[in-house]
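Please examine the sequence and the structure before reading on.

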Amino acid sequence: MSPNDTHTDTLPAGDPAGAADAATKPIIEIIGMHKWFGEFHVLKDINLEVRPTERIVVCGPSGSGKSTMIRCINRLEEHQRGKIIVDDIELTNNLKNIEKIREEVGMVFQHFNLFPHLTILENLTLGPIWVRKLPKKEAEETAMYYLEKVHIAEQARKYPGQLSGGQQQRVAVARSLCMKPKVMLFDEPTSALDPEMVKEVLDVMISLAQEGMTMIVVTHEMGFAKSVAHRVLFMDDGRIVEENEPEEFFSNPQHERTQLFLSQILH
Amino acid sequence: MTPHPTATPAYPDIKPPVTSIGLIGWIRANLFNSWFNSILTLLVLAGLFKTVPPMVKWAFIDSLWTSTSAECHADGGACWSIITANIRFILFGFYPPDQQWRPLSAMILLVVMLLITRNRRWWHRALAWAWVAALTAMWLLMRGGFIGLQFVESTQWGGMPLTLILAIFGLTAAYPLGVVLALGRQSRMPAIKSLCVIYIELIRGVPLISLLFMSSVIFPLFLPEGITVNKIIRAQAAIILFTAAYIAEVVRGGLQAIPKGQFEAADSLGLNYFQTMRLVVLPQALKIVIPPTVSILISAFKDTSLVVIIALYDILKTTQSTLSNPKWMGFSTEAYIFLAAVYFLCCFFMSNWSRQLEKDLST
């Protein structure tokens with residue numbers, strides 16, 4: 001768990017004083033990062049600091065580079081210029097470093113990406129057993145603990161295909177948590193869900209936030225952003241256009257592009 | 001479906017019309033559902049009536065099972081005696097007759113192991129060791145040369161054991177090699193990738209016969225003087241190398257069917273390349289390609305019969321040799337039917353097994 005475990009205060013936690021106090025050392029630092037897909041310049045001069053227990057929501061129109069940016073943080077995508085430093089390790093081509101960072105950074109995907117040939121319990125213990133080298137019994141205990149937490153312990157012996165989308169996504173969250181990550185990245189975790197299942201996943205994420213997990217969430221759930229985020233980033237055309245506390249961000253957007261975006265999704 | 005407001009009694013179930021169920025319904029729906037199909041049905045029935053009874057008469061009623069060749073030549077029916085009279089040579093080739101209990105017990109051991117392996121309940125690490133032990137035991141039994149067992153040179157091995165040895169060792173070695181080649185072909189390292197591509201394309205580009213010739217004729221030329229490699233092992237190597245190239249391409253198809261998200265999820269847990277492949281990707285990919293893989297294994301099994309061209313006496317060659325005996329000349333139909341039945345049984349076992357495996361593994 002993170003050192004700032006005391007940060008289990010109540011939400012809404014739009015308070016800037018929260019975790020984001022400038023004294024703590026950032027756990028993620030992105031400095032002047034650029035990325036290209038072939039000729040296409042997807043990310044332009046990204047600068048971002050994330051401190052432990054800080055919760056950041058990234059929004060913006062599709063194709064703006066939100067997902068690509070967070071995928072760079074655990075090197076699912078490679079950046080071509082600038083620096084990304086996670087937990088004091090700089091991301092380079094060094095495979096050992098990449099694996100070390102991935103151990104500390106959990107990720108939840110839009111399409112869950114559970115392993116269909118393994119049971120729920122096996123999905124959860126795979127990382128701890130093979131990467132963290134935990135004994136099987138201990139890994140299973142941890143797995144059951146987190147399954148309880150996402151309210152799905154009774155499904156432990158089932159296969160992912162037998163679960164609903166919302167249940168699968170909660171399993172995916174639990175799978176990441178089993179690695180005891182320092183940071184969690186969420187890549188549009190509710191976009192592929194049926195409407196009635198969105199809430200159960202958001203509830204899990206909110207309780208995670210209450211426990212002080214450091215989170216970066218790409219989402220279109222503005223309610224979630226308002227109540228949970230310390231900071232909201234707005235991206236457009238590969239840049240971070242605007243960055244603010246949620247209250248300011250929603251009530252008084254500075255940038256013209258942000259105003260347009262918000263007017264379109266908030267009606 | 002909205003519930004009906006008033007509590008009317010449920011619509012009572014009535015029986016379906018007789019013509020739509022049961023045997024009559026099936027016949028009407030499938031055999032006589034149009035005038036064209038009715039004509040086809042009648043034609044097929046007539047054809048069967050013409051051919052089946054004479055065949056049964058030849059194969060079973062007029063047939064001779066344990067007679068001399070002279071009686072066979074006098075009789076008009078099938079002469080299965082060619083098989084029963086020569087069964088020891090057909091099954092064991094030139095293996096010394098008084099020692100033939102050895103290949104026989106080796107084969108029984110193999111069949112028992114196969115039947116045990118069929119059941120997934122037994123799939124533990126112990127079974128792998130049991131296989132190593134069983135294969136070693138079979139090899140030693142066949143070879144002899146210890147505690148009073150007469151040494152039998154491998155040039156004398158033949159018939160069914162030879163076919164099974166070539167097939168079992170060939171398939172079990174070719175499969176992992178094929179998987180490695182498939183992974184190599186997907187590799188991001190250009191040297192490994194191009195090596196695998198060249199290997200696969202080269203091997204797939206030549207017929208198995210030419211590989212067998214190369215192994216038996218050309219390969220020994222490159223060996224330093226005085227060193228010889230057993231002919232069976234050379235043929236075995238050719239079969240392995242050949243089959244592996246085909247398996248590699250099938251497995252590659254399976255690898256391509258795995259969604260990118262699976263790799264990403266494994267990566268983001270911190271699994272390394274080998275863990276990702278072994279724990280996440282291959283279990284799914286290999287399962288997808290069970291049907292085409294078994295096709296390759298079945299055809300590889302049948303291709304072992306090509307070793308006749310380098311004068312190895314597998315079961316095809318021993319059966320043929322029986323036919324060249326003047327006493328039994330002219331009964332090739334019976335001999336080849338027998339041979340076909342043997343191959344069919346083995347192949348059917350394989351495809352049946354694979355279907356069961358697919359069912360067991362479906363999640």
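Contact here means heavy atoms within 4.5 Å. The model is a predicted one.

Q: Which residues of helix 4 of chain A meet helix 3 of chain A?
A: From helix 3 of chain A, the contact draws on Ile120(A), Leu121(A), Leu124(A), Thr125(A), Pro128(A) and Ile129(A). The residues that they meet in helix 4 of chain A are Lys136(A), Ala139(A), Glu140(A), Ala143(A), Met144(A) and Leu147(A).

Q: How many nonpolar residues does the contact of helix 3 of chain A with helix 4 of chain A have?
A: The contact of helix 3 of chain A with helix 4 of chain A includes 1 polar and 2 charged residues. The nonpolar class has 9 residues.

Q: Is helix 14 of chain B roughly parallel or roughly antiparallel to helix 15 of chain B?
A: Helix 14 (residues 315-323) and helix 15 (residues 332-361) of chain B have axes that come within 10 Å and cross at roughly 165°. Because of this angle, the relation of helix 14 of chain B to helix 15 of chain B is roughly antiparallel.

Q: How many charged residues does the contact of helix 14 of chain B with helix 15 of chain B have?
A: Residues including Leu316(B) and Leu323(B) in helix 14 of chain B meet residues of helix 15 of chain B, among them Leu339(B) and Val342(B). By class, this contact of helix 14 of chain B with helix 15 of chain B has 8 nonpolar and 3 polar residues, and the number of charged residues is none.

Q: Is the crossing of helix 7 of chain B and helix 10 of chain B left-handed or right-handed?
A: The axes of helix 7 (residues 159-186) and helix 10 (residues 231-256) of chain B come within 5 Å and cross at roughly 40°. That angle makes helix 7 of chain B oblique to helix 10 of chain B. The crossing of these two helices of chain B is right-handed.

Q: Which residue of chain A forms a salt bridge with Glu264(B)?
A: About 1,800 Å² is buried between chain B and chain A. Glu264(B), Ser268(B) and Leu269(B) supply 31% of the area that chain B buries against chain A. Across this interface of chain B and chain A, the rule finds 2 salt bridges. In one of them the closest N and O atoms are 2.6 Å apart, and the partner of Glu264(B) is Arg71(A).

Key. Residues numbered from 1 in each chain as written. Chains lettered and ligands numbered in written order. Predicted model: local features only at pLDDT ≥ 70, side-chain atom pairs only at ≥ 80, totals over all residues. Heavy atoms only, no water. Axes fitted to C-alpha atoms, helices over the stretch in contact; angles between N-to-C directions. Helix = DSSP H or I, 4+ residues; strand = E, 2+ residues; numbered from the N terminus. Parallel < 35°, antiparallel > 145°, perpendicular 65-115°, else oblique. Nonpolar A, V, L, I, M, F, W, Y, C, P; charged D, E, K, R; others polar. Buried area = accessible area lost by both parts, 1.4 Å probe. Salt bridge = Lys/Arg side-chain N within 4 Å of Asp/Glu carboxyl O. Left-handed = near helix turned anticlockwise from the far one by under 90°.
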